[in-house]
Amino acid sequence: MGTIAVVGASLAGLHAAEALRAGTGDAPGHDGQLVVVDASPTLPPDRPPLSKQVLSGEWDLAQAKVPLADRLDELGLDLRLGTAATSLSPAGGDGRTLTLSDGTELSVEGVVLATGGAVRHLPGPQLGGVHSIRTGEDVTALLADLDAGPSRVVVVGAGFIGAEAAATCRGRGLEVTMLEAAAAPMERVLPGEVGAFVADLHRDQGVDVRLGTGVERLEAGDDGRVRAVHLADGTVVQADVVVVGIGVVPQVDWLAGSDLELRNGVLCDSTMLAGPRVVACGDVACWPNPHFGEEMRVEHWENAVEQGGHAGRRLLDELAGRPGTPFAPVPWFWSDQYDRKIQLAGRPTATDEFVLVDGTVEERRFAALFRRGDRCTAVLGVNRPRHVMQARMQLAQSLAWDDAAALFAPKD
Amino acid sequence: MKVVVNFDLCESNAVCMGIAPEVFEVRDDDFLYVLNEEPGEELRDKVVEAARRCPKQAIAVED
Ligand SMILES: Cc1cc2nc3c(=O)[nH]c(=O)nc-3n(C[C@H](O)[C@H](O)[C@H](O)COP(=O)(O)OP(=O)(O)OC[C@H]3O[C@@H](n4cnc5c(N)ncnc54)[C@H](O)[C@@H]3O)c2cc1C
Ligand code: SF4
């Protein structure tokens with residue numbers, strides 16, 4: 001048996017490794033060498049708690065562990081941390097060559113790409129006091145600045161991670177301003193009602209929410225640390241700490257010379273196969289999801305777990321010459337802000353109709369279905385987990401609007 | 001098989017209910033209820049899957 005390499009030892013990569021060892025229902029797992037490399041010098045943390053429990057101080061960073069962190073020994077991995085993959089050769093007759101940052105050239109029979117995303121930065125020089133939240137180092141540096149008791153934190157970007165950072169900083173008793181260039185939070189991806197709700201939720205809690213104003217530049221003090229944020233409309237907001245949450249970019253630069261198609265990440269077929277002997281999964285993978293008839297790249301925790309497992313099994317199929325099966329989930333994710341649990345399942349677009357099916361937006365506890373023609377594209381719940389899960393199960397069966405709406409029709 | 005939920009970890013997101021509604025139920029009060037703490041063997045696969053997918057790793061399945 002040859003060697004299989006997994007690039008990325010985070011959520012998706014480790015679940016792929018687990019599946020490679022476990023095998024599929026009718027075929028055994030890989031019992032040869034299984035090399036797992038990650039550029040990070042330590043095992044990457046579980047990321048959702050970083051903007052929640054770790055940032056609030058409720059947990060130590062060490063408590064944010066991915067589910068498989070305690071079972072790595074059982075998987076028999078050749079784990080190489082602090083080692084990046086730098087290039088992947090096109091497929092030859094019996095494999096590929098994966099080159100690593102320490103100069104090693106690994107001959108492999110198969111590769112899993114699970115390199116996730118890297119945060120986007122604001123243009124201009126990197127100033128002290130300006131942070132992102134993606135890695136353990138990021139959150140440790142941010143915590144040190146928050147512990148110093150800043151007089152104001154400015155959050156740039158009102159997407160889910162920015163909104164969580166704003167909520168958690170507010171929970172620490174800090175003054176917070178949240179800036180969003182668009183007219184409403186998440187306006188490009190979700191119906192306007194959702195963004196309006198998120199903005200109001202934060203205003204209720206005393207966050208200074210400013211919409212429709214982009215950042216022009218950051219101003220540094222004599223100490224080289226950020227002192228103020230200049231907005232496109234000429235306003236200036238004082239800031240001791242800035243948290244930037246303006247999205248992530250899939251990490252694919254190192255694959256530029258390979259035979260893979262790089263479009264919105266690593267482009268795969270519907271089974272997560274990216275090319276001969278290569279699969280991809282997690283935040284870096286783009287694939288046509290047959291359930292929705294749409295190409296998508298999903299940056300959600302559960303997707304990394306499920307797609308990782310699927311990709312691992314797909315690679316076993318590929319190496320054994322078996323056809324794969326399509327990966328066709330209803331994506332799901334959650335976000336915790338203050339005492340609200342926001343959950344979304346499906347594949348919404350900004351122009352979908354927002355149809356309230358339970359509760360009211362005003363009481364901040366509701367469930368809504370999103371409608372596009374005769375389709376239900378998604379369900380959103382705020383402190384309504386049962387409604388979201390029921391609708392999600394229905395959406396997994398069919399996207400027909402009538403079937404989803406019937407779940408919540410008043411019973412007489 | 002015995003199902004034990006660590007309610008200090010559980011955040012009632014109902015993922016387990018989506019997989020094994022026979023065993024797990026999140027009610028209108030937003031709390032998770034274990035409907036059947038000793039489910040039959042026919043439910044083992046579903047319960048193990050729920051434990052695996054719980055984002056909080058709050059579910060333990062004892063033999
Ligand atoms: C702060 C935060 C909060 C979140 N909260 C939620 C939430 O509440 N709910 C939810 O559903 N999702 C949430 N997410 C999203 C979720 O955490 C991600 O979808 C998940 O981490 C993706 O896992 P991944 O393994 O695909 O990628 P990543 O976790 O990004 O891991 C990729 C790994 O690849 C490594 N790597 C990259 N390039 C190379 C290379 N060339 N060579 C070697 N290694 C490389 C990186 O070092 C990294 O460790 C959150 C994310 C963040 C950052
Ligand atoms: S999946 Fe886990 S966290 Fe969610 S309700 Fe079930 S036990 Fe609780």
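Reader: In what order do the elements of chain B run from the N terminus?

Author: They run β-α-β-β-α-β. That comes to two helices and four strands in chain B. Keep in mind that this is a predicted model.

Reader: How much of chain B is buried?

Author: Buried residues are 44% of its 63 residues. The accessible surface of chain B is about 3200 Å², and carbon and sulfur atoms account for 48% of that surface.

Reader: How many positive and negative side chains does chain B have?

Author: Chain B has 7 positive and 15 negative side chains. The centres of the two sets are 5 Å apart.

Reader: New topic: helix H1 of chain A. What should its span be?

Author: H1(A) covers residues 11-22, and at 1.5 Å a residue its twelve residues should span 16 Å. The end C-alpha atoms are 17 Å apart, which agrees.

Reader: Is H1(A) mostly covered or mostly open?

Author: Mostly covered, with ten of the twelve residues buried. Among them are A:Leu11, A:Leu14, A:His15, A:Glu18 and A:Leu20.

Reader: What do those buried residues pack against?

Author: In chain A, they pack against strands E1 (4-7), E2 (34-38) and E7 (110-113), and against helices H3 (72-75) and H7 (301-319). Helix H2 (44-53) of chain B is also on that list.

Reader: Which residue follows H1(A)?

Author: A:Gly23, and its phi is positive, near 80 degrees.

Reader: Last one, A:Glu261. Where does it lie?

Author: A:Glu261 is in the loop between strand E17 (248-250) and strand E18 (266-267) of chain A. Leaving out residues up to four places away in sequence, A:Glu261 touches A:Val266 and A:Leu267.

Reader: Why does A:Glu261 count as partly exposed?

Author: Because its relative accessibility is 43%, and partly exposed is the range between under 20% for buried and over 50% for exposed.

Reader: What separates A:Glu261 from A:Pro48?

Author: The two are 213 residues apart along the chain, and their C-alpha atoms are separated by 29 Å.

Note on methods. Residues are numbered from 1 along each chain as its sequence is written. Chains are lettered from A and ligands numbered from 1 in the order in which they are written. This is a predicted model: local features need pLDDT of at least 70, side-chain atom pairs count only at pLDDT 80 or more; totals for chains, interfaces and linings use all residues. Side-chain values use heavy atoms; hydrogens and water are left out. Buried means under 20% relative accessible area, exposed over 50%, partly exposed in between (1.4 Å probe, protein chains only). Accessible areas come from the Shrake-Rupley method with a 1.4 Å probe; for residues, only the protein chains shown count as cover. Lys and Arg count as positive and Asp and Glu as negative; His and the chain ends are not counted. The place of a charge is taken as NZ of Lys, CZ of Arg, CG of Asp or CD of Glu. The expected span of a helix is 1.5 Å times one less than its number of residues. Contact means heavy atoms within 4.5 Å.
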